[in-house]
Amino acid sequence: MTGPAVGTTPTRSPAARGRRELTYAVLLSLAGAGLAFWAVTRTWSVELTARGSLPAARHARTGADLLPWVSALALVGLAGGGAVLATRGRLRRLLGALLTLVGLAVAAGGGYGLGAAGVSRQWPALVLVGGLLAAAGGALTALRGAGWPAMGARYERPTRAATPAGAERPAVERGTRDAWEALDRGEDPTVS
């Protein structure tokens, strides 16, 4: 039994490499956007308001309360990560560029939260990390996505080859067309 020589790696087909890269890009985008969305919905700050002799009023604010656009962009990143699977070619690369920008904007929101006064640091840091992960998935898609495999042909409408004039149609097609024409005439094609 012989195997690959020591120090060499087995060659992988370009299709297998493309599927692996596609998987990494989608997972990075989804995980990053999901992490950012989850972290932005956590309590980032608690404000205490003195009420005289009564106990202080406590008002918790989430990251979505402070920066509502971050949660919206994180949802766009989640949708875009799934859309990578349904696109191909230049459209997929354009989607990758858009996901990169969305991820960077989410990361900027996390960075802004880190610099804000009175805000806990762990949730904005997770938003920052999530945005960077989503941006990495988008950048990978923008750079390499055109050559990745697309959804299977079973999801696409089949194209019919034009039958040349005077050529005989296949028997199956003839039978189907004859049945529809019989229905148009008001006849039941199932009755012999």
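Along the sequence, the pattern of this predicted model is α-β-β-α-α-α-α-α. That comes to 6 helices and 2 strands, where helices (H or I, at least four residues) and strands (E, at least two) are DSSP runs numbered from the N terminus. Residues are numbered from 1 along each chain as its sequence is written. Because the model is predicted, local features need pLDDT of at least 70 and side-chain atom pairs count only at pLDDT 80 or more, while totals for chains, interfaces and linings use all residues; side-chain values use heavy atoms, with hydrogens and water left out.

Now helix 1. Helix 1 covers residues 14–40 and spans 38 Å from first to last C-alpha, close to the expected 39 Å, which is 1.5 Å times one less than its number of residues. Its buried residues (under 20% relative accessible area, 1.4 Å probe, protein chains only) include G18, L22, A25, S29 and A36. Their cover includes strand 1 (43–51), helix 3 (68–86) and helix 4 (89–115).

Which residues make up the largest nonpolar core? There are 12 in all, among them A36, A39, V40, W44, V106 and W123. Such a core is a set of buried Ala, Val, Leu, Ile, Met, Phe, Trp, Tyr and Cys residues joined through side-chain atoms within 4.5 Å. Helix 1 gives the largest share of this core, 3 residues.

Take V106: leaving aside neighbours within four places in sequence, V106 is in contact (heavy atoms within 4.5 Å) with A36, V70, L73, A74, V127 and G131. A second, separate core has 7 residues, including L22 and V84.

Technical notes: Buried < 20%, exposed > 50% of the residue type's maximum accessible area, 1.4 Å probe, protein only.
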